Amino acid sequence: MMKISGKTELLGLMGNPVRHTMSPEIHNTLSEELGRDMVYVAFPVEEDPVEAVRGAYHLGIRGMNVTVPHKLGVIPALVEIDPAAEAIGAVNTLVRVDGGYKGYNTDMPGLGRSLRTKGVTLEGKQVVVLGAGGASRAVCVLALTERAESVYLINRTKEKAQALAEDLLAHFPEGKMIPLSKEEYQLVPEKPTVMIQCTSLGLHEGDGLLIEDRAFYKKAIYGYDLVYNPAVTPFLKLLREMGIPGDNGLSMLLYQGVIAYELWTGETIGEDLVQRVRMKLERRLYGENVLLVGYMGCGKSTVGRKLAEEQGMDFLDMDALIEQEMGCTIRKIFEERGEAGFRELETACLRKLRDTAVHTVIATGGGAVLRKENRELMKDAGQVIWLQASEKTTFDRVKSDRNRPLLDAGGEEALRQKIHTMLETRRASYDAAADRVVTVDGKTVEMIAAEISK
């Protein structure tokens, strides 16, 4: 929990609407991770952005983000504006300086940094920008700044694309921009192309593509869609079907925020921290993970698959992942490395899942909760559900299973005693790990999955 005192510095976002913004998640996570006494809040500003900026300065606010509809309206209130923001004609970041704020646009460098993390460069490339609205302006400036070989700007109406191209070429006279109507898409040369989708198509169910001809998209060597919710837009879905790599706009949102934070604080944000913030954003947007814990035979894998199927989630089995990575069975790992060596592999697997899994049901190994570090990793990764089975149910389910090395007991009575001892030993660890407990005795897989879904 963030502590706020009289020394806490204030950052914020102004715009309308701002209720559903992701920016507080980005900036408050950065401040918390970096140990900075700063808090970021959203300010709904319906009108008069100039007065809002002046008020923010008098209130001592250290830095502001600006979103629609005020990215242009704040400019008269600034004491200075960055040249790139001036070329784009819009400001999204205000940095406090003597006498007021200096305006920046971090959308353009945010997209640039996002592309670089994917190994994509625009220099010398043919770039196709789909749409000529406000968002496409920053994208075109990035392409011109990075000396793209040519920028084909395609819009529903050619006039709007033409006006944008003429305006930008006044700032970049060495650049090459070709405005086209969507009906003129065949004029784009057949050569490797970076395509950037800047329209709102994809935001709503049933949306199609600006250009419906699938053959057009075969030119693409990479595609980027500024829309990030849903995670897979019609544009990205088509590229995936063609085997063409692409990404949605969440990384641009993240990096523009990171760059703004660096401008406000002078910090250099490392990529490890950026990726931790990204995971928080993805889980908020696309869904949390569910981790199933419990003793052997409680049904983690069976229930996990059913739950994932019903909720439209992915499913992962940790033991299966470890077997795949090591190229041998769990029993073989126990024979060669012992239980301690296997637990090390579990921890490494959990650490990876914490950093990568989104909207996934994860079935953990029965003893994965024994390490405190593992329990903490699980809680960081998502909601932890303990599937609790009685000793009798457990015995009935595992007595004929020869693939569980820890249950090699030699006879039924010895197995019952081993189950009893292990359950008693592990009970406190399951309890410490779990956010919820779901009993499984006498219930079908469907009943258990439905109870977890409540």
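**Strand β11 and its partners**

I looked up the pairing of β11 first. Strand β12 (residues 246-248) runs parallel to β11, and three bridges join the two. Pairing here requires that DSSP finds at least two bridges between two strands. Strands (E, at least two residues) and helices (H or I, at least four) are DSSP runs, numbered from the N terminus. Opposite Asn248 in β12 stands Asp225. I followed the chain from β11 through helix α7 (residues 234-241) to β12 and noted a right-handed β-α-β crossover. Right-handed means that, with the strands pointing away from the viewer, the path from the first strand over the helix to the second runs clockwise.

I then turned to strand β10 (residues 193-197), which pairs with β11 in the parallel sense over five bridges. Gln197 has Asp225 in β11 as its bridge partner. I also checked burial: β11 (residues 220-225) is largely enclosed by the rest of the structure, because five of its six residues are buried. Buried is under 20% relative accessible area, exposed is over 50%, and partly exposed lies in between (1.4 Å probe, protein chains only).

**Note on the model**

This model is predicted, so I note that local features need pLDDT of at least 70 and side-chain atom pairs pLDDT 80 or more, while totals for chains, interfaces and linings use all residues. Residues are numbered from 1 along each chain as its sequence is written, and side-chain values use heavy atoms, with hydrogens and water left out.

I found Glu262 in helix α8 (residues 250-265). Glu262 is buried, at a relative accessible area of 16%. Neighbours within four places in sequence aside, I list its contacts (heavy atoms within 4.5 Å) as Arg113, Glu267, Thr268 and Ile269.

Gln275 belongs to helix α9 (residues 271-286) and is partly exposed, with 26% relative accessibility. I noted a polar contact of 2.4 Å between the side chains of Gln275 and Arg278. Such a contact is a pair of N or O atoms within 3.5 Å; within protein, one must be able to donate a hydrogen and the other to accept it, and residues adjacent in sequence count only if both atoms are side-chain atoms.

**Backbone in the loops**

I looked up two cis peptide bonds. One joins Asn16 and Pro17, with omega about 5°; Pro17 lies in the loop between β1 (9-15) and α1 (23-34). Another joins Val68 and Pro69, with omega about 5°; Pro69 lies in the loop between β3 (63-66) and β4 (80-81).

Asp48 is not a glycine, yet has a positive phi of about 55°. I place Asp48 in the loop between β2 (38-44) and α2 (49-58).
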